[in-house]
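Here is a short briefing to read alongside the structure.

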Amino acid sequence: MAGKSRWSYLKLPDHFTIRPGGIEDLAAVYQLNQQAFDSCWSLQSLYSALESGYDLIICEVDEELAGYLLSMTILDETQIMQVAVAKPFLRQGVAEAISRHLIASSSGIAVILLEVRLSNRAARGLYSKLGFRESGLRKNYYAPDASGFSEDALLMELKLH
Ligand SMILES: CC(C)(COP(=O)(O)OP(=O)(O)OC[C@H]1O[C@@H](n2cnc3c(N)ncnc32)[C@H](O)[C@@H]1OP(=O)(O)O)[C@@H](O)C(=O)NCCC(=O)NCCS
């Protein structure tokens, strides 16, 4: 496929490929989005996001989607919107590799920002490992669950220069 490149220095085995994603990837991204998140984006929202300039990074194995990262850049700030990895590929360095790909391609970006659920141990571990620092808290940020509980969001940032 055109535009494919290998990022062996990111520790992933050779058959894992990281590349920019596009509209043609959205059906698979939507499926993974549904599996990975309690409240997922609609296919239309994902489509609109790409149409309006969001960036998608894909990791695939034999053309199967292993993980993706969706981000939005305004001026010199990038916001990570979503990172998700499919169950068969968890704990193999996929999220770390995609995130490092984003960071490595962020020339001219001053800071990468994100919000993460306080309870999301895996994601917080990932971002801490990448060097993100906690920068604030948004109280009751997420939509209430069935019991009416709204979880707080932890704000994290990685300053690049
Ligand atoms: C969070 C998520 C993307 C991590 O993906 P992954 O590919 O399994 O993560 P990696 O293998 O790259 O792990 C990198 C680091 O993240 C941390 N980490 C990942 N999974 C973890 C877990 N279950 N528990 C604790 N730490 C974890 C570790 O620090 C790990 O480094 P290590 O392997 O040296 O210990 C994945 O669990 C996922 O898709 N979760 C559901 C969606 C989500 O919550 N996304 C993030 C919010 S947008």
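Predicted model: local features only at pLDDT ≥ 70, side-chain atom pairs only at ≥ 80, totals over all residues.

Strand β4, helix α3 (94-104) and helix α4 (121-129) each supply at least two residues of the shell around the ligand.

**Around the ligand**

- Helix α4 gives the most to the shell, with six residues.
- The shell holds 22 residues, and those that come nearest to the ligand are A95, E96, A122, G125 and L126.

- Seven strands make an open sheet with mixed pairing, in the order β1-β2-β3-β4-β5-β7-β6.
- At the edges are β1 and β6 (133-138), each of which pairs on one side only.
- From one strand to the next, the twist averages 25°.
- Helix α1 (residues 26-36) packs on this sheet and touches β3 and β4. The direction of α1 makes about 90° with that of β3.

- β1 and β2 run antiparallel and are joined by five bridges. In this pairing, T17 stands opposite E60 of β2.
- β2 (residues 55-61) and β3 (residues 64-74) also run antiparallel, with seven bridges between them. I57 has L69 of β3 as its bridge partner.
- Eight bridges join β3 to β4 (residues 77-85), and this pair is antiparallel too. Here L70 stands opposite Q82 of β4.

- Which residue in the turn between β2 and β3 has a positive phi? That residue is D62, with a phi of about 50°, in a hairpin that has two residues between its strands.
- D62 is not a glycine, yet its phi is positive. It counts as exposed because 8 other C-beta atoms lie within 10 Å, and the cut-off for exposed is 12 or fewer.
- The hairpin of β3 and β4 likewise has two residues between the strands, and there L75 takes a positive phi near 50°.
- L75 is another residue other than glycine with a positive phi, and its place is in the loop between β3 and β4. With 8 other C-beta atoms within 10 Å, L75 is exposed.

**The nonpolar core**

- The largest nonpolar core has 32 residues, of which I57, C59, A66, Y68, L69, V94 and I98 touch the most other members.
- Elements giving two or more residues to this core are β1 (16-20), β2, β3, β4, α3, β5 (111-117) and β7 (153-159).
- In soluble globular proteins, nonpolar side chains tend to be buried together.
- L69 is worth a click: leaving aside neighbours within four places in sequence, L69 is in contact with I57, I80, V83, I98, S99 and L102. One of these contacts, I57, is also the bridge partner of L69.

**Two more residues to look at**

- L32 lies in helix α1. Not counting residues up to four places away in sequence, L32 touches L65, Y68, A84 and A86.
- A distance to check from L32 is the one to A97, 65 residues apart along the chain: their C-alpha atoms are separated by 18 Å.
- E64 lies in strand β3 and counts as exposed, with 11 C-beta neighbours inside 10 Å.
- E64 and A86 are 22 residues apart along the chain, and their C-alpha atoms are separated by 9.7 Å.

Notes
Residues numbered from 1 in each chain as written. Pairing = 2+ DSSP bridges. Helix = DSSP H or I, 4+ residues; strand = E, 2+ residues; numbered from the N terminus. Near = placed C-beta within 6 Å. Core = buried A, V, L, I, M, F, W, Y, C linked by C-beta atoms within 7 Å. Buried ≥ 20, exposed ≤ 12 C-beta atoms within 10 Å, placed from the backbone. Contact = placed C-beta atoms within 7 Å. Axes fitted to C-alpha atoms, helices over the stretch in contact; angles between N-to-C directions.
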